[in-house]
Amino acid sequence: LEHRLQYLDDLQTQHLPKEGSADWKVLAQSMGFVEIADFTQQLDLHRQAVNRIFNAVFHVESSEIPPVMQVASPAAAADYDFFADPSQAARQIEDFYRSARYQLLPTSTQARVKNSMAQLLLDLRQVDNPDVTLTRLLHLYEVIGRRESYFSLLAEYPHIIQRLVKIYSFSPWIAAYLTRHPMLLDDLLDGRLVADLPNWTLEQSYLQQRLTGLDGDIEAQMNELRHWQHQLLFRLAIHDVFSSISVEKLSDQLSLLADVVLQQTLCCGWADLQKISLAQASEQRPPFAIIAYGKLGGKELGYASDLDIIFIYEDESDQAN
């Protein structure tokens, strides 16, 4: 199913389309189901099986939940009068509680979710756009709904919820980025995210060591580079949200991030390249350059900027092509 989902729009995603939508029907048919309901039922059976295994490994008894977490409902912790549309906000939360993802969670995890929702409603009072922020955050809750460890994280560190509210209120792009990469939630525990901009010399040294340790496994190197890029981009985004960094300085930092990624990509690619001439094989630095135009060339990158780059190389060997 994951493979077919990614074929659908040629995207690396694990986010299923809305049940009953046209894409949902396409997925069901691609899996060999004539009846859509049969596909949905079979999918739920597999999810329940995986959930049982996960719970057997990471199960937490309800007795271990701190008393502050045992909240009956979010409505008891906060009213909805600060929303522009209180009834819509309440309906969204109730829809989440009625969803299959929530209903299949163990009782202990449901308590954690309700506790985090109560804290969420309290923190939403502090932002100017609580309605749209709630919608964005409920999307995150849906994405992490099968990963109980994330709700445990929110329960154990409630200040993360306060940070999430500010992040999801601040920028739809950053909100969507974190929702696509929820594993970055762990990084919100690190106070340095707000306090310090990256030390690029240290960061590049760390990344180079990690990539060197994976020498020979280009796929593992790509995954490591991708994860590092996600972490550093998120770190800059958090600094943007909480530290009011100037647009010019943020562009400089994003451009430095792109420079490091390109440099390490070139090093890994050169080391892995098999068809190089004997004259060039012993060179420490490849006779190959990445030239940046556009936003990167001018050190003016934004979060969603494309990289306008060209490649130049010099090698007289016939194999160089």
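Visitor: Leaving aside its neighbours within four places in sequence, which residues is glutamate 203 in contact with?
Guide: Bear in mind that we're looking at a predicted model. Glutamate 203 is found in helix H13. Once the neighbours within four places in sequence are set aside, the residues in contact with glutamate 203 are Pro198, Trp228, Leu232 and Arg235.

Visitor: Is glutamate 203 buried or exposed?
Guide: The relative accessible area of glutamate 203 is 16%. Buried means under 20%, so with 16% glutamate 203 is buried.

Visitor: How long is the polar contact that joins the side chains of glutamate 203 and arginine 235?
Guide: Arg235 is among the residues in contact with glutamate 203. The two side chains are also joined by a polar contact, and its length is 3.2 Å.

Visitor: How far does helix H13 reach from its first C-alpha to its last?
Guide: Helix H13 runs over residues 200–213, which makes 14 residues. At 1.5 Å a residue, 20 Å would be expected, and the model comes close to that. From the first C-alpha to the last, H13 reaches 20 Å.

Visitor: Within what arc do the buried residues of H13 fall, seen down its axis?
Guide: The buried residues here are Trp200, Glu203, Gln204, Leu207 and Leu211. An α-helix has 3.6 residues a turn, so residues three or four places apart point the same way. In H13 the buried residues line one face of the helix, because seen down the axis they fall within an arc of 95°.

Visitor: And which exposed residues does the face of H13 turned away from its buried side carry?
Guide: One face of H13 is lined by its buried residues. Turn to the face pointing away from that buried side and you find the exposed residues Thr201, Leu202, Gln209, Thr212 and Gly213.

Visitor: Which helices are included in what covers the buried residues of H13?
Guide: Trp200 and Leu207 are among the buried residues of H13. What covers these buried residues includes helix H14 (218–243) and helix H15 (247–272).

Visitor: Which residue caps the N-terminal end of H13?
Guide: Look for a side-chain oxygen that lies 3.2 Å from the backbone nitrogen of threonine 201. That oxygen belongs to the cap at the N-terminal end of H13, asparagine 199.

Visitor: Which element gives the most to the largest nonpolar core?
Guide: That core has 61 residues, and those with the most contacts inside it are Leu120, Leu124 and Leu164. With 9 residues in this core, the element giving the most is H14.

Visitor: How far apart in space are proline 130 and alanine 84, C-alpha to C-alpha?
Guide: Proline 130 lies in helix H8 (residues 130–143), and it counts as buried at 7% relative accessibility. Its contacts, leaving aside neighbours within four places in sequence, are Phe82, Phe83 and Leu124. In sequence, proline 130 and alanine 84 are 46 residues apart, but in space the C-alpha to C-alpha distance is 8.0 Å.

Visitor: What value is phi of lysine 299 near?
Guide: You'll find lysine 299 in the loop between helix H17 (294–297) and strand E2 (309–313). Lysine 299 is partly exposed, with a relative accessible area of 37%. Phi is positive here, in a residue other than glycine, and it is near 55°.

Visitor: Finally, what percentage of the residues in the chain is buried?
Guide: The chain holds 17 helices and 2 strands. Of its 321 residues, the buried ones make up 38%.

Notes:
Residues are numbered from 1 along each chain as its sequence is written. This is a predicted model: local features need pLDDT of at least 70, side-chain atom pairs count only at pLDDT 80 or more; totals for chains, interfaces and linings use all residues. Side-chain values use heavy atoms; hydrogens and water are left out. Helices (H or I, at least four residues) and strands (E, at least two) are DSSP runs, numbered from the N terminus. The expected span of a helix is 1.5 Å times one less than its number of residues. Buried means under 20% relative accessible area, exposed over 50%, partly exposed in between (1.4 Å probe, protein chains only). The arc is that of the directions from the helix axis to the C-beta atoms. Contact means heavy atoms within 4.5 Å. A polar contact is a pair of N or O atoms within 3.5 Å; within protein, one must be able to donate a hydrogen and the other to accept it, and residues adjacent in sequence count only if both atoms are side-chain atoms. A nonpolar core is a set of buried Ala, Val, Leu, Ile, Met, Phe, Trp, Tyr and Cys residues joined through side-chain atoms within 4.5 Å.
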